[in-house]
Amino acid sequence: MDGRLRVGEVALRCLICGLAVLVAALVGTDTQAKTIVYLERKAKFTDMKASVFLVIFNGIAACYSLIQGLRCMVNLIRRDVLLSKPTAWLIFSCDQVKGIYL
């Protein structure tokens, strides 16, 4: 059971990393054009500070998920946990903060 749980954790962290990169790329490359009385105005994600924040935070979340996914893979290969209680609490807290903002 423990091995399947670790494989599931690795899979979920990799999925989160991929989705965060996908969202950052989609928002970062998206543009819209609107024509108002023969003038065309293009809107990019940099026009809104919230979109810029979203792209930056998704990049940070993707990096964090990648690092944690690699840590999980190393622990899965070694069949070792290598976590002290403070480290486990730090990882849990970072996951909760990432979950709030993502």
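## Annotated spans

Residues 48–67 form a span that is 95% helix and 0% strand, with end C-alpha atoms 29 Å apart. Residues 12–28 are 100% helix and 0% strand, and their end C-alpha atoms lie 24 Å apart. Helices here are DSSP runs of H or I with at least four residues, and strands are runs of E with at least two. An unreviewed UniProt entry annotates both spans, 12–28 and 48–67, as "transmembrane region"; such annotations may be inferred rather than shown by experiment.

The model is predicted, so local features need pLDDT of at least 70 and side-chain atom pairs pLDDT 80 or more, while totals for chains, interfaces and linings use all residues. Residues are numbered from 1 along each chain as its sequence is written, and side-chain values use heavy atoms, without hydrogens and water.

## Aromatic pairs

The whole structure holds 2 aromatic pairs, counted when ring centres of Phe, Tyr or Trp (its six-membered ring) lie within 6.5 Å. F53 and F57 are stacked (planes under 30 degrees apart), at 6.0 Å centre to centre with 20° between the planes. These two residues are 4 apart in helix α2 (residues 49–78), and therefore about one helical turn separates them.

W89 and F92 are edge-to-face (planes over 60 degrees apart), at 5.7 Å centre to centre with 85° between the planes. Both belong to helix α3 (residues 85–101), where they are 3 residues apart, about one helical turn. W89 is exposed (over 50%), at 55%, whereas F92 is partly exposed (in between), at 44%.

Methods
Buried means under 20% relative accessible area, exposed over 50%, partly exposed in between (1.4 Å probe, protein chains only).
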